[in-house]
Amino acid sequence: MSLGPYASFILTSYALATVVVLILIAWIAIDYRRQKERLRELDASGIVRRSGRSAMDIR
Amino acid sequence: MTLIDLANPTRFLTLTARLLPWLAASTAALLLVGLYQSAVAPDDYQQGATVKIMFIHVPNAWLSMFVWGVMSLAALGTLVWRHPLADVAAKAAAPIGASFTFLALVTGSLWGRPMWGTYWEWDARLTSVLILFLMYLGLIALWRAVEDPSRAARAAAILTLVGAINLPIIKFSVDWWNTLHQPASVMRIGGPSLDRAFLIPLLVMALAFSLLFLTLHLAAMRNEILRRRVRALQMMQASQRSA
């Protein structure tokens, strides 16, 4: 597959899209872990939700 | 589970936990198919291989507007029904929409340089999409600046609905003004003007990116619900300590 004289423009476009999507996925995954960690700390300190359920009960 | 059940954040989390693995797998599979079809698509007789940038640029450009449309519906949910999940949906969508808009601008610029001879032109389409990108950043800044989510929700909803005026301007800018950007070639009266060899990979990539948005949006909404739960519990903890 030859990409011709503008190969660098094509490859940069695909590479950039890949990087941005991976950053989005990583950001969301890290944020999820951070929120779960905070809930775990609150649960360990004895705080329960108004419904009486554990802070860690996220379902 | 009925639609009204989804309005309950806890039930929403349950459904999200069930759906996310399937959505992520479907997105990955469809992206692989789309990337393969993009790679083997023939060169355009005028543009050569640079037409492959279209398979990345166009889905991101569509989604940049679609995501703002989703946020506008969510803004109505915030202002009319005052539903907390509506603001969660809008806030979670904004960074994803900003990323798609950024990719549409940059890949468009990289496509424009070999085709038009310039990376940027202040024409109506490019400028209106740049304004959309700046509006996304403004909304994200607004949500970050106001600590109380319920206070930020109303201001963000109004700003989102005002910003929605830009959507038809972006869509019809190529018809209303003389622009360097080409007119619509897929969503147009009379059907797509693209050859099937380009149209099919483009539609597969558009579907793949749409599924990617749905997956990331649900995951980001889940995170936002948990963030608000953390905040509520921290406030309970603080009030218990002060009592």
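Reply: What follows is a set of questions and answers about a predicted model.

Me: What makes up the secondary structure of chain B, and how do its elements run?

Reply: Chain B comes to 7 helices and 0 strands, and from the N terminus on its elements run α-α-α-α-α-α-α. The C-alpha trace of chain B spans about 75 × 35 × 30 Å along its principal axes, and of its 243 residues 37% count as buried. Among the contacts in chain B with a separation of 6 or more, 77% are accounted for by residues 24 or more positions apart.

Me: Why is chain A called more spread out than a compact globule?

Reply: Chain A has 1 helix and 0 strands. For 59 residues the globule rule gives 10 Å, whereas the radius of gyration of chain A is 21 Å, which is well over that value, so chain A is more spread out than a compact globule. The C-alpha trace of chain A spans about 65 × 15 × 15 Å along its principal axes, and buried residues make up 19% of the 59 residues in this chain.

Me: Why are helix 2 of chain B and helix 5 of chain B called oblique?

Reply: Helix 2 (residues 54-81) of chain B and helix 5 (residues 149-163) of chain B pack at an angle of about 135°, and their axes are 8 Å apart. That angle makes helix 2 of chain B oblique to helix 5 of chain B, because an angle has to be over 145 degrees to count as roughly antiparallel, and 65 to 115 degrees to count as roughly perpendicular. Helix 2 of chain B passes helix 5 of chain B in a left-handed crossing.

Me: Which residues meet where helix 2 of chain B and helix 5 of chain B are in contact?

Reply: From helix 2 of chain B, B:W68, B:M71, B:S72, B:A75, B:T78 and B:L79 meet B:A153, B:R154, B:A157, B:T160, B:L161 and B:G163 in helix 5 of chain B. By class, this contact of helix 2 of chain B with helix 5 of chain B has 7 nonpolar, 4 polar and 1 charged residues.

Me: How do you know whether helix 2 of chain B and helix 3 of chain B are roughly parallel or roughly antiparallel?

Reply: The axes of helix 2 of chain B and helix 3 of chain B come within 7 Å and cross at roughly 160°. Angles over 145 degrees count as roughly antiparallel, and these two helices of chain B, helix 2 and helix 3, are therefore roughly antiparallel to each other. Their crossing is left-handed, and the residues of the contact of helix 2 of chain B with helix 3 of chain B divide into 20 nonpolar, 9 polar and 1 charged.

Me: Is B:A184 called buried, exposed or partly exposed, and what decides the matter?

Reply: B:A184 is found in the loop between helix 6 (166-176) and helix 7 of chain B. A residue is buried with 20 or more neighbours and exposed with 12 or fewer, so B:A184, with 13 C-beta neighbours inside 10 Å, counts as partly exposed.

Me: Which element gives the most to the side of chain B that touches chain A?

Reply: The contact takes 31 residues from chain B and 27 residues from chain A. On the side of chain B that touches chain A, the elements giving two or more residues are helix 1 (9-40), helix 3 (84-116) and helix 7 (196-242) of chain B, and helix 7 of chain B gives the most, with 12 residues. By class, this side of chain B has 20 nonpolar, 7 polar and 4 charged residues.

How values were computed
Residues numbered from 1 in each chain as written. Chains lettered and ligands numbered in written order. Predicted model: local features only at pLDDT ≥ 70, side-chain atom pairs only at ≥ 80, totals over all residues. Axes fitted to C-alpha atoms, helices over the stretch in contact; angles between N-to-C directions. Helix = DSSP H or I, 4+ residues; strand = E, 2+ residues; numbered from the N terminus. Parallel < 35°, antiparallel > 145°, perpendicular 65-115°, else oblique. Left-handed = near helix turned anticlockwise from the far one by under 90°. Contact = placed C-beta atoms within 7 Å. Nonpolar A, V, L, I, M, F, W, Y, C, P; charged D, E, K, R; others polar. Rg over C-alpha atoms; globule rule 2.2 N^0.38 Å.
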